[in-house]
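Welcome, and thanks for opening the viewer.

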Amino acid sequence: MESKEITKEQALSLKGYKHACHIMLYGDTDAKLFGKIPTKHIVLMQMRFDGLLGFPGGLVNPGQESLESGLSREIGEELGVALCVSPEDHLSTQLASSPPNLVCHFFVKKMTEEELREVEKAAVVASDHGLEVMGLVRVPLFTLRNGGGLSSFLSHSFIGNSRSQLLSALRTLGLVSHHDLEAAVTRADKSLHSKAR
Ligand SMILES: O=c1[nH]cnc2c1ncn2[C@H]1C[C@H](O)[C@@H](COP(=O)(O)OP(=O)(O)O)O1
């Protein structure tokens, strides 16, 4: 989905627009897959009720609450944890091309591995679990010898512009090297095109 980058301030001055706020929780890890492949970072997304991948969050009404406190409220419902989101966690704001009149604000928050594990545990007993949220998933950031890993993950279906939000966060935060990220995107796009034929 094509979307146009604007500032948070421009977005907040728009009339008649809805505001969606979503967040990528991430952190570092020493864990090795099969005891040898460094996973390096933990990045959380979620499987939504509609079978699409996306980030925790939802619609916020800036007339009644700040973007950050609205996002914290959504996180509480979806993940069952009290997380303080601050303006410094804001990464980007985009005008969605679909649906019309929607602005997507995207936040990222770095946490320790232990904190991320607590979020994962709490999410299983959160009120939205099994309803709006089918479960949290970790994004595989590595590429296996057979090409699987990140590229296979990117071949799934994503809600709205969440796939481009993920790619932009991975680039901006340097969680995957430029070379590996471009290779994974190219491989995923080829696979998506061949499925579409
Ligand atoms: O992760 C996302 N990134 C960007 N846009 C998203 C993401 N998840 C949903 N959306 C879009 C889809 C909808 O048009 C709005 C609000 O969706 P949702 O998160 O389902 O919000 P509510 O639970 O309905 O408040 O954002």
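**First stop: helix H2**

Begin by selecting H2, which has 13 residues and reaches 18 Å from its first C-alpha to its last, close to the 18 Å expected at 1.5 Å a residue. Keep in mind as you look that this is a predicted model.

Now show the side chains of H2 and ask: which residues of H2 are buried? They are Leu67, Glu68, Gly70, Leu71, Ser72, Glu74, Ile75, Glu78 and Leu79. While you look along the axis, recall that an α-helix has 3.6 residues a turn, so residues three or four places apart point the same way. Next, colour the elements that the buried residues of H2 pack against: E2, E7, E9, H3 and strand E10 (133–138). Step just past H2 and you reach glycine 80, whose phi is positive, at about 70 degrees.

**Second stop: the nonpolar core**

Select Ile23, Tyr26, Val43, Leu44 and Leu71: within the largest nonpolar core, which has 38 residues, these touch the most other members. Elements that each supply at least two residues of this core include E2, strand E5 (41–48), helix H2 (67–79) and helix H6 (178–196). Which element gives the largest share of this core? E2 does, with six residues.

Centre the view on valine 43. Leaving aside residues up to four places away in sequence, valine 43 touches Met24, Tyr26, Arg138, Val139, Leu141 and Leu175.

Move to the ligand, which is surrounded by 15 residues. Select the closest of them: Ala20, Gly54, Gly58, Gly160 and Ser162. To see where the shell comes from, highlight strand E2 (18–28), strand E7 (57–60), strand E9 (102–110) and helix H5 (162–172), each of which supplies at least two of its residues. The largest share, three residues, comes from E7.

**Fourth stop: an annotated stretch**

Select residues 16–168, which an unreviewed UniProt entry annotates as "domain: Nudix hydrolase". Over residues 16–168 the chain is 24% helix and 33% strand, and a distance line between the end C-alpha atoms will read 27 Å.

Go to helix H6 and pick out alanine 184. Is alanine 184 buried or exposed? Alanine 184 counts as buried because it has 25 C-beta neighbours inside 10 Å; the cut-off for buried is 20 or more. Setting aside residues up to four places away in sequence, alanine 184 touches Thr143, Leu150, Ser151 and Leu154.

**Last stop: some backbone details**

Most residues other than glycine have a negative phi, and most peptide bonds are trans. With that in mind, zoom in on serine 98 and proline 99, which are joined by a cis peptide bond with omega of about -5 degrees. Proline 99 sits in the loop between strand E8 (90–96) and E9.

Asparagine 101 is also placed in the loop between E8 and E9. Although not a glycine, asparagine 101 has a positive phi of about 60 degrees, and it counts as exposed because it has 11 C-beta neighbours inside 10 Å.

Finish at lysine 40, in the loop between strand E4 (37–38) and E5. Lysine 40 is not a glycine, yet its phi is positive, at about 65 degrees. With 14 C-beta neighbours inside 10 Å, lysine 40 counts as partly exposed.

Terms used: Residues numbered from 1 in each chain as written. Predicted model: local features only at pLDDT ≥ 70, side-chain atom pairs only at ≥ 80, totals over all residues. Near = placed C-beta within 6 Å. Helix = DSSP H or I, 4+ residues; strand = E, 2+ residues; numbered from the N terminus. Core = buried A, V, L, I, M, F, W, Y, C linked by C-beta atoms within 7 Å. Buried ≥ 20, exposed ≤ 12 C-beta atoms within 10 Å, placed from the backbone. Contact = placed C-beta atoms within 7 Å. UniProt positions renumbered as here; feature names shortened; annotations may be inferred. Expected span 1.5 Å × (residues − 1).
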